[in-house]
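Biologist: I have the sequence and the structure open side by side. Can you walk me through it?

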Amino acid sequence: MAHDIIVLGSGPAGLAAAVAARGRNKSVLVIGNRWQDSPLAKAERVDNYPGLPGRTGLEVLEAFHSHASSLGTEFAVGRALSLLIWNGFSITVGSQIYQSSALILSPGVVRQAKYPGETEYLGRGVSYCATCDGMLYRNRPVAVVGLAPDSPQEANYLKSLGCQVVYVSPHQPTGLDKDIPYVKAGRLVIKGGQTITALEADGTELPCSGVFILRRAVAPTDLLPDLETTEGVIRVDRNMSTNIPGVFAAGDCTGAPLQVSKAVGEGHIAALSACEYLDTL
C-alpha cells in the first residue's frame with residue numbers, strides 16, 4: 001500500500017502534518033496509537049493553544065483528528081516495527097507493509113530505557129515483532145515482555161505457532177491464554193553467549209532462545225539507526241529535515257518546549273518540506 005507521505009505518530013504534530021500535506025494534495029497515512037491514547041488526551045485543560053482556550057486535551061485532539069480525517073487522511077493503528085529504506089520507505093505494522101516516498105517522524109517522546117543486553121542481542125534473539133519473527137522460534141522457548149496493550153494477543157499468537165511462551169510483565173495481563181505462564185517482574189536482564197540463553201526476571205533466570213520486547217512504540221533511532229540525535233532528541237534544521245533524505249521530524253521528538261502549539265507548527269513545516277521534497281523527485 002503506497003502513499004506519498006507516511007506520518008509516524010498520531011498526536012498534534014502528526015495530525016497537523018497530515019492536514020498540511022492533504023492541503024498540497026498528497027496522499028497521507030498516519031501510523032500510531034489511537035489518538036485517544038495520546039498523553040495530551042489526559043490533560044484536563046489546555047489554555048495555551050490560540051483560539052481554543054479552556055478545552056480538554058481530548059477535545060483538542062478530537063478536533064485535530066476530525067480535521068485530518070475530513071481531508072482524506074488515512075490511518076493505521078499499531079506500532080511501526082521495522083523500517084527499510086529502498087526506493088522510498090517500507091514500514092511494517094503487524095503483518096502489513098506500507099510504503100511511501102517521504103516520512104515524517106512525530107512519535108512524541110518515546111521514554112524507554114533499554115534493558116541490559118537488549119542492544120547487544122538485537123537480531124540475535126531480541127525482537128520487537130512477534131508477527132515478523134515468530135516462525136523462527138517454533139518449538140523453542142521464548143519470553144514475551146509485555147509492555148503494550150496488545151502484548152497478550154501477540155503472546156497468544158506465538159503460542160499458536162508452536163512456541164513455548166512465558167509472559168513477563170510488571171502488570172497482570174488481560175486476555176492471555178490460560179496455558180501461558182505469567183511471571184510478574186520489572187527488573188530484566190537479557191543473557192547469553194553468541195545468542196540468547198535466558199531472560200533474568202527479578203533475579204530468576206527463565207531459559208529461552210528469544211525475547212520479544214513489546215512496547216507501545218519503537219524509538220525512531222531503533223527504526224533508523226543512522227538518524228542523528230542531540231541529547232536524546234532528533235536533530236533537525238529549520239525545515240524540520242533530518243540528516244536522512246526524505247525524512248522529517250516534528251513535535252516533542254525534536255525537543256523542548258513540549259507544547260501543542262510548537263508541535264502543530266513544526267508538523268505544518270515538516271509537511272510542507274516533505275511536499276517540496278516529493279515535488280523534486
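Modeller: Helix H1 gives the largest share of the lining of the largest pocket, three residues. Keep in mind that this is a predicted model.

Biologist: What volume does the largest pocket have?

Modeller: About 1100 Å³. Of the 45 residues that line the largest pocket, Ser38, Pro39, Pro107, Gly108 and Val109 are the closest to its centre.

Biologist: Which elements each supply at least two residues of that lining?

Modeller: H1, strand E2 (28-32), helix H5 (220-223) and helix H6 (260-280).

Biologist: And how does the lining of the largest pocket divide into nonpolar, polar and charged?

Modeller: The lining has 23 nonpolar, 14 polar and eight charged residues.

Biologist: Back to H1. How many of its residues are buried?

Modeller: Nine of the twelve, so H1 is largely enclosed by the rest of the structure. Among the buried ones are Pro12, Gly14, Leu15 and Ala21.

Biologist: What does H1 reach from its first C-alpha to its last?

Modeller: H1 covers residues 12-23 and reaches 17 Å. That is close to the 16 Å expected at 1.5 Å a residue.

Biologist: Now cavities. How many come to 30 Å³ or more?

Modeller: One. The largest cavity has a volume of about 50 Å³. Its lining includes Arg79, Tyr128, Arg215 and Asp222. By class, that lining has six nonpolar, one polar and three charged residues.

Biologist: Strands next. What is the order in the open sheet of three strands?

Modeller: The order is E11-E12-E13, and the pairing is antiparallel. Strand E11 (188-192) and strand E13 (204-207) stand at the edges. Each has a single partner strand, so one side of each is left without a neighbour in the sheet. On average, neighbouring strands of this sheet are turned by 30° against each other, direction ignored.

Biologist: How many bridges join E12 to E13?

Modeller: Four, with E12 spanning residues 196-201. Leucine 199 stands opposite leucine 206 in E13.

Biologist: And E8 with E9: parallel or antiparallel?

Modeller: Strand E8 (residues 141-146) and E9 run parallel, joined by five bridges. Valine 145 stands opposite valine 168 in E9. Strand E9 (residues 164-169) is mostly covered, with five of its six residues buried.

Biologist: What about phi of asparagine 87?

Modeller: Phi of asparagine 87 is near 55°, a positive value in a residue other than glycine. Asparagine 87 is in the loop between strand E4 (80-85) and strand E5 (89-93). At 74% relative accessibility, asparagine 87 counts as exposed.

Biologist: And methionine 240: buried or exposed?

Modeller: Buried, at 4% relative accessibility. Methionine 240 also has a positive phi, about 65°, although it is not a glycine. Its place is in the loop between strand E16 (233-234) and E17.

Biologist: Last one. Where is lysine 42 found?

Modeller: In the loop between E2 and helix H2 (57-70). Lysine 42 is exposed, with a relative accessible area of 63%. Lysine 42 and alanine 80 are 38 residues apart in sequence. In space they are 23 Å apart, C-alpha to C-alpha.

Conventions:
Residues are numbered from 1 along each chain as its sequence is written. This is a predicted model: local features need pLDDT of at least 70, side-chain atom pairs count only at pLDDT 80 or more; totals for chains, interfaces and linings use all residues. Side-chain values use heavy atoms; hydrogens and water are left out. On a 1 Å grid over the protein atoms alone, a cavity is a set of points where a 1.4 Å probe fits but cannot get out, and a pocket is an open set with protein on both sides within 12 Å along at least five of seven lines; lining residues have an atom within 4 Å of a point. Grid points are joined across faces, edges and corners, and a volume is the space filled by probe spheres set on the points. Ala, Val, Leu, Ile, Met, Phe, Trp, Tyr, Cys and Pro count as nonpolar, Asp, Glu, Lys and Arg as charged, and the others, Gly among them, as polar. Two strands pair if DSSP finds at least two bridges between them. Axes are lines fitted to C-alpha atoms, for helices over the stretch in contact, and angles run from 0 to 180 degrees between N-to-C directions. The expected span of a helix is 1.5 Å times one less than its number of residues. Buried means under 20% relative accessible area, exposed over 50%, partly exposed in between (1.4 Å probe, protein chains only).
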